[in-house]
Amino acid sequence: MSLENQDDLVPLRALANPLRIRIVSLLTGASMSATEVADELGIAHASASYHLRQLAKAGFLQQTEERPRAGKGRPQLLYRYDPSSGERLDRSEGQQLLHQAMSTDLARRLAETARRRTSMDAEVWLARPVWEEIVGLIDQAVALLHDKAGPPHDGVKVSMTALLLELRDER
């Protein structure tokens, strides 16, 4: 990769915080302000604002618009998840930190589960074409989830975690 393209990379380690994972998930379905994010996640406005700025600076979020405030003060900035950030992830570092943050957030979501729809765990051997088909199907499901996600409280609150790993053959 050339040096000029490295500036376009999204640093994976910027997501290595369970709260930031929740913010990115929340902003997949709707553009929101720091106040709305803070209210939805039950955190301080200053914390929401800080994390939104950091995620935007890292390339995970894009500012979508400014909402004028009644009275004085700066307009509210609205942010939304940038789905193209997934294609620009810098996978050279930060993966272990991200996986730890994902595990922490998964534990939170499991504790909040009202109804388990499906789950599976497997460590198996598959023919390469079958494995590639499965990866493609999961990619389609992830794209559909992001494409159809709506604003908070508009529909069923769901969680999807997809982690497909190609393991080393230690024999």
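Asp-105 touches Pro-18, Ile-21 and Arg-22, leaving out residues up to four places away in sequence. Asp-105 sits in helix α5, which covers residues 95–111. Is Asp-105 buried or exposed? With a relative accessible area of 2%, Asp-105 is buried, since anything under 20% counts that way. Keep in mind as you look around that this is a predicted model.

**The chain as a whole**

Let's step back for a moment. The protein chain has 171 residues, and 24% of them count as buried. Its secondary structure comes to 6 helices and 4 strands. Read from the N terminus, the elements go α-β-α-α-α-β-β-β-α-α. Along its principal axes, the C-alpha trace spans about 65 × 45 × 25 Å. How much of the contact in the chain links residues 24 or more positions apart? Counting contacts with a separation of 6 or more, such pairs account for 64%.

**Helix α2 and its partners**

Back to the spot where we started. Pro-18, Ile-21 and Arg-22 belong to α2, and they meet a set of residues in α5 that includes Asp-105. Helix α2 itself runs over residues 18–26. Two packed helices are described by the angle between their axes and the distance between the axes. Here is how that works out for α2:

| Helix pair | Angle between axes | Distance between axes |
|---|---|---|
| α2 and α3 | about 115° | 11 Å |
| α2 and α5 | about 70° | 8 Å |
| α2 and α4 | about 75° | 10 Å |

Take α2 and α3 to begin with, which pack at about 115°. That angle makes α2 roughly perpendicular to α3. As for handedness, α2 passes α3 in a right-handed crossing. On the α2 side, Leu-19, Arg-22, Ile-23 and Leu-26 take part, and they meet Val-37, Glu-40 and Leu-41 of α3. Sorted by class, this contact has 5 nonpolar and 2 charged residues, with no polar ones.

Next come α2 and α5, at an angle of about 70°. The contact of α2 with α5 divides into 5 nonpolar, 1 polar and 3 charged residues.

That leaves α2 and α4, with axes at about 75°. Again, the angle makes α2 roughly perpendicular to α4. Leu-19, Arg-20, Ile-23 and Val-24 of α2 make the contact, together with Ser-47, Tyr-50, His-51, Leu-52, Gln-54 and Leu-55 of α4. By class, that gives 6 nonpolar, 3 polar and 1 charged residues.

**Inside helix α4**

Helix α4 covers residues 45–58. Which residues of α4 are buried? They are Ala-48, Ser-49, His-51, Leu-52, Leu-55 and Ala-58. The elements covering them include β1 (10–11), α2, α3, β2 (61–67) and β3 (76–81).

Ala-34 lies in helix α3, which spans residues 34–41. Ala-34 is buried, with a relative accessible area of 9%. Setting aside its neighbours within four places in sequence, Ala-34 is in contact with His-45, Ala-48, Ser-49, Leu-52 and Leu-77. Among these, Ala-48, Ser-49 and Leu-52 are also buried residues of α4. From C-alpha to C-alpha, Ala-34 and Ile-23 are 10 Å apart in space, and 11 residues separate them in sequence.

**One to look at after α6**

Finally, find His-153, in the segment after α6 (128–148). Most residues other than glycine have a negative phi. His-153 has a positive phi of about 70°, although it is not a glycine. Is His-153 buried or exposed? With a relative accessible area of 71%, His-153 is exposed.

Note on methods. Residues are numbered from 1 along each chain as its sequence is written. This is a predicted model: local features need pLDDT of at least 70, side-chain atom pairs count only at pLDDT 80 or more; totals for chains, interfaces and linings use all residues. Side-chain values use heavy atoms; hydrogens and water are left out. Axes are lines fitted to C-alpha atoms, for helices over the stretch in contact, and angles run from 0 to 180 degrees between N-to-C directions. Helices (H or I, at least four residues) and strands (E, at least two) are DSSP runs, numbered from the N terminus. Angles under 35 degrees count as roughly parallel, over 145 as roughly antiparallel, 65 to 115 as roughly perpendicular and the rest as oblique. A crossing is left-handed if the near helix is turned anticlockwise from the far one by less than a right angle, and right-handed if clockwise. Contact means heavy atoms within 4.5 Å. Ala, Val, Leu, Ile, Met, Phe, Trp, Tyr, Cys and Pro count as nonpolar, Asp, Glu, Lys and Arg as charged, and the others, Gly among them, as polar. The expected span of a helix is 1.5 Å times one less than its number of residues. Buried means under 20% relative accessible area, exposed over 50%, partly exposed in between (1.4 Å probe, protein chains only).
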